[in-house]
Amino acid sequence: MEHQLPPEGDWRSWVIMGGRGAGKTRAGAEWVRAEVEGARPLDPGRKRRVALVGETFDQVRDVMIKGESGILACSPPDRRPTWKATERKLVWANGAEAQAFSANDPEGLRGPQFDAAWVDELAKWKKARNTWDMLQFALRLGEQPQVCVTTTPRNVGVLKELLASPSTVLTHAPTEANRANLAASFLQEVRSRYAGTRLGRQELDGVLLADAEGALWTTDMMQAARVNAIPRLDRVIVALDPAVSAGAGADECGIVVVGAQTQGPPQDWRSYVLADRTVQGVGPTGWARAAIAAMDEFGAERLVAEVNQGGQLVEEVVRQVDPLVPYKAVHASRGKTARAEPVAALYEQGRVRHAKGLADLEEQMCLMTPRGYEGQGSPDRVDALVWALHELMIAPAAQFRRPRIRAL
């Protein structure tokens with residue numbers, strides 16, 4: 001497959017980033033073979049000293065060397081190297097060698113030197129920074145030392161910096177790209193569980209997800225919030241963050257559907273984010289129709305709309321579509337972060353859950369920080385979510401905390 005082929009040109013690092021089962025290990029093993037093997041079994045190849053670096057020695061041996069897609073399995077009988085377990089080394093008949101290293105022992109790379117390296121699952125290493133740095137100092141043989149990195153993406157600094165380097169080339173593939181070699185039951189199971197989720201974008205689509213430093217929400221929080229079934233709800237509302245412009249370059253119009261169980265005291269209430277129906281470039285009538293369609297789809301009792309920018313126009317547009325829609329206008333008197341922080345606290349308390357299909361909303365959430373939104377454009381989906389949870393959870397709970405005046 002195309003993403004498994006070495007890139008052309010002058011590069012130092014080749015990163016193969018993909019979903020689970022996308023064929024990354026096979027690509028790494030074949031690259032090592034292509035570099036160390038010559039035209040005939042005893043002919044020298046382009047590289048002679050290779051570092052094989054995985055999270056642990058066992059993973060290097062069991063996955064990169066002896067695994068079903070590892071170097072030994074990919075090698076024909078006349079080119080198959082010998083595994084010397086006591087030396088933790090592969091030796092080819094032409095004299096090339098590949099030595100195994102654990103990322104848990106960065107100091108093990110101090111001293112040896114190489115002209116090539118295959119690094120597997122860099123993004124999950126606990127000592128990624130130190131191990132990667134030690135490897136760079138060891139890649140000092142030959143005219144053009146190179147490293148192949150095969151990894152599922154995770155938002156870690158060493159991977160982000162590697163991808164930003166001008167000497168790095170990236171190829172990418174989702175799990176689906178290798179479906180011919182994967183069990184149909186595996187694909188069906190992971191699709192049903194993770195399709196449309198933030199974790200699915202990382203583990204299946206091979207997308208590097210960005211959590212801003214100090215974000216109010218994190219990828220782990222999003223995964224913890226996910227549920228597969230929605231219980232019976234007492235209230236459902238649709239929140240609307242209108243866009244005042246239209247066209248391809250316009251901001252999105254955030255439309256989020258949230259329901260809640262509100263029986264008992266406020267500390268027992270739970271909310272469920274049911275859907276994200278955000279639209280872009282459709283104009284006022286378009287977003288009004290989309291919001292009302294979401295109300296009809298989920299049986300919502302009220303439409304809550306922020307009116308800071310549109311003012312009275314927002315309600316007028318909505319009522320042109322449905323004159324009788326239950327409507328509430330809300331006006332932001334504080335900044336986005338100040339409004340979002342109490343909502344983030346509900347997530348920390350485990351009182352908000354997410355249905356599937358909210359990956360775009362979750363992406364924005366993980367870019368909201370106390371300093372503001374660190375993504376592109378405006379966080380319209382998050383704004384709509386915040387208004388919905390204020391309406392369902394925060395504002396009603398405040399009524400319980402207000403002191404009652406005793407009658408004289």
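Predicted model: local features only at pLDDT ≥ 70, side-chain atom pairs only at ≥ 80, totals over all residues.

Q: How many bridges join strand 1 to strand 7, and do the two run parallel or antiparallel?
A: Strand 1 (residues 13–18) and strand 7 (residues 146–151) are joined by 5 bridges, and they run parallel.

Q: What is the strand order of the open sheet of 8 strands?
A: Reading across the sheet gives the order 3-4-5-2-6-7-1-8, and the pairing is mixed. The edges are held by strand 3 (82–84) and strand 8 (168–173), each of which has a single partner strand, so one side of each is left without a neighbour in the sheet. Averaged over the sheet and with direction ignored, neighbouring strands are turned by 15° against each other.

Q: Which strands does helix 1 lie across?
A: Helix 1 (residues 24–36) lies across strand 1, strand 2 (49–54), strand 6 (116–120) and strand 7, and its direction makes an angle of about 165° with strand 7.

Q: Where does T151 lie, and is it buried or exposed?
A: T151 lies in strand 7, and because its relative accessibility is 0%, it counts as buried. Not counting residues up to four places away in sequence, T151 touches V15, I16, M17, G18, K24, E121, L122, A123 and L159.

Q: What is the nearest side chain of opposite charge to D115, and how far away is it?
A: D115 is buried yet has no salt bridge, the nearest side chain of opposite charge being K47 at 6.3 Å. The residue sits in the loop between strand 5 (97–102) and strand 6, and a polar atom of its side chain lies 3.0 Å from the backbone nitrogen of R48. Once its neighbours within four places in sequence are left aside, D115 is in contact with residues including R46, K47, R48, R49 and V50, and also with L139, L141 and G142.

Q: Which residues does strand 10 pair with on other strands, and why is strand 10 described as largely enclosed?
A: Strand 9 (residues 235–241) pairs with strand 10 in the antiparallel sense over 7 bridges, and I237 has V258 of strand 10 as its bridge partner. Strand 11 (residues 270–276) also runs antiparallel to strand 10, to which 6 bridges join it, and here V258 stands opposite V273. Strand 12 (residues 279–280) is joined to strand 10 by 2 bridges, again antiparallel, with Q280 as the bridge partner of E252.

Q: Where is W217 found, and is it buried or exposed?
A: W217 is found in the loop between helix 7 (198–203) and helix 8 (219–225), and it counts as buried because its relative accessibility is 0%. Leaving aside neighbours within four places in sequence, W217 is in contact with M222, A340, V343, A344, Y347, M365, C366, M368 and V382. Of the pair W217 and Y347, the C-alpha atoms are 8.1 Å apart, while 130 residues separate the two in sequence.

Q: Which backbone nitrogen lies 3.0 Å from a polar atom of the side chain of T369?
A: That nitrogen belongs to R371. T369 itself lies in strand 16 (residues 368–369) and is buried, with a relative accessible area of 0%.

Q: How many helices and strands does the protein have, and what share of its residues is buried?
A: The protein has 13 helices and 17 strands, and buried residues make up 50% of its 408 residues. Among contacts between residues at least 6 apart in sequence, 71% join residues at least 24 apart.

How values were computed
Residues numbered from 1 in each chain as written. Heavy atoms only, no water. Pairing = 2+ DSSP bridges. Helix = DSSP H or I, 4+ residues; strand = E, 2+ residues; numbered from the N terminus. Buried < 20%, exposed > 50% of the residue type's maximum accessible area, 1.4 Å probe, protein only. Polar contact = N/O pair within 3.5 Å; in protein donor to acceptor, adjacent residues only side chain to side chain. Axes fitted to C-alpha atoms, helices over the stretch in contact; angles between N-to-C directions. Contact = heavy atoms within 4.5 Å. Lys, Arg positive; Asp, Glu negative; His and termini not counted. Salt bridge = Lys/Arg side-chain N within 4 Å of Asp/Glu carboxyl O.
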